[in-house]
Amino acid sequence: MAPAFSAADHQCMALALRLAERGLYTTTPNPRVGCVIVNAGQVVGEGWHVRAGAEHAEVHALQAAGEKARGATAYVTLEPCSHHGRTPPCTAALLAAGVTRVVAAMQDPNPLVAGQGLASLRAAGLLAECGLLAVEAHEINIGFVARMTRSRPWLRLKLAASLDGRTALQNGASQWLTGPAARQDGHRWRARACAILTGIGTIRHDNPQLNVRGVDNLVGALRQPLKVVVDSRLELPLDARVLGDGTVLVAAAVDEPARIAALQQRGAEVVLLPGPDGQVDLPALLNELARRGINEVHAEAGVGLSGSLLRAGLVDELLLYLAPCLIGEVARGMFDLPALESLAARRTLAIRDVRSLGSDLRLLARFS
């Protein structure tokens with residue numbers, strides 16, 4: 001039987017979730033976690049995980065609580081860890097502090113934990129419960145959960161389009177379809193990602209920097225995500241702006257030592273992932289990114305790569321910015337997808353969020 005949580009329990013976990021969100025831009029590859037310590041109905045300690053290698057949320061909250069942690073309840077958004085990683089196990093810290101009850105929003109999907117943290121607390125005589133605001137906790141760590149459960153990051157495909165579904169003119173011109181508010185919002189989504197993915201076509205047409213800019217008010221916005229370029233034939237120009245700063249991973253399908261050496265001289269890393277069609281094996285690329293600790297991938301690609309990602313079933317959700325304009329039938333569309341013979345074959349999505357940003361509209365839609 002599921003635990004019966006009180007209104008006070010819900011309020012305390014909601015506070016822990018708000019604390020976890022403070023790590024939205026900084027914790028990669030670790031999950032975003034918040035913790036609240038409550039004694040006799042009073043919050044005596046708060047904490048959140050800031051970055052990998054630093055103390056976990058429980059430790060920060062326990063330090064703030066001090067002696068008031070004895071006999072208290074700890075609300076934590078993710079099951080406390082029970083193993084030694086870069087930091088000691090949080091279960092040991094909770095036990096040493098004298099906490100008598102632990103409420104976790106969700107079980108940790110990491111196989112190194114996976115219920116063992118809660119089990120060890122129960123074995124030590126604590127009341128350890130799980131499942132309070134689990135859906136909300138899952139959303140905060142949707143990329144971490146994806147990487148742990150399927151060995152593949154969560155992939156969010158961002159597109160900016162006109163109301164008639166066109167992303168660029170026939171000649172490739174696309175700057176700027178959307179206004180400043182939408183573009184800044186796009187950088188916020190970049191900032192929370194572990195990697196930004198694009199293709200060689202976008203590099204040719206737009207020559208993007210592919211970094212996070214204009215969101216200095218965000219906590220940790222100075223952490224630049226890994227840049228990933230899908231470049232099957234190693235055609236990336238050595239003067240491309242994407243090579244200007246930050247870490248760049250080039251995924252290729254051909255082994256050309258001289259070209260690879262030239263890219264390495266420019267600071268890029270090249271990984272060879274040839275597929276049977278002579279193109280980059282996109283599922284293998286996502287698996288490789290997961291192996292490197294990448295939780296969330298933010299893709300900004302052209303019609304070709306966007307379509308390939310969709311056809312391979314690798315896109316989890318669409319982040320779509322719609323500008324109030326029409327640019328015509330001959331302009332470029334969103335995806336290169338095969339023609340359907342029946343509407344029954346269409347892929348459906350669930351609209352998760354709709355909001356106005358300046359004069360533009362932003363939709364977040366998730367594949368079911």
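Strands here are DSSP runs of E with at least two residues, helices are runs of H or I with at least four, and both are numbered from the N terminus. Leu-361 is partly exposed, because its relative accessible area is 32%; that class lies between buried (under 20%) and exposed (over 50%), with a 1.4 Å probe and protein chains only. Together with Ile-351 and Val-354, Leu-361 makes a nonpolar surface patch of about 250 Å². Patch residues have over 30% relative accessible area and no salt bridge; like charges are joined within 9 Å and nonpolar side chains (Val, Leu, Ile, Met, Phe, Trp, Tyr) within 5 Å.

A word on the model: it is predicted, with local features needing pLDDT of at least 70 and side-chain atom pairs counting only at pLDDT 80 or more, while totals for chains, interfaces and linings use all residues. Residues are numbered from 1 along each chain as its sequence is written, and side-chain values use heavy atoms, leaving out hydrogens and water.

Now step back to the whole protein chain, which has 11 helices and 14 strands. Its radius of gyration is 23 Å, close to the 21 Å that the globule rule gives for 368 residues, so the chain is as compact as a globular protein of that length. The radius is taken over C-alpha atoms, and the rule is 2.2 Å times the number of residues to the power 0.38. Of the 368 residues, 52% count as buried. The chain exposes about 16,600 Å², with 53% supplied by carbon and sulfur atoms; areas come from the Shrake-Rupley method with a 1.4 Å probe, and for residues only the protein chains shown count as cover.

Finally, the unreviewed UniProt entry places the feature "binding site" at several positions, including Ser-232 and Leu-305. UniProt positions follow the numbering used here, feature names are shortened, and annotations may be inferred rather than shown by experiment. Ser-232 lies in the loop between β8 (226-230) and β9 (248-252) and is buried, at 8% relative accessible area. Beyond four places in sequence, Ser-232 touches residues including Ala-251, Gly-278 and Val-280, where contact means heavy atoms within 4.5 Å. Leu-305, in helix α11 (residues 303-311), counts as buried because its relative accessibility is 13%. Leaving aside neighbours within four places in sequence, Leu-305 contacts Thr-198, Gly-199, Val-230 and Leu-282.

How values were computed: A salt bridge is a side-chain nitrogen of Lys or Arg within 4 Å of a carboxyl oxygen of Asp or Glu.
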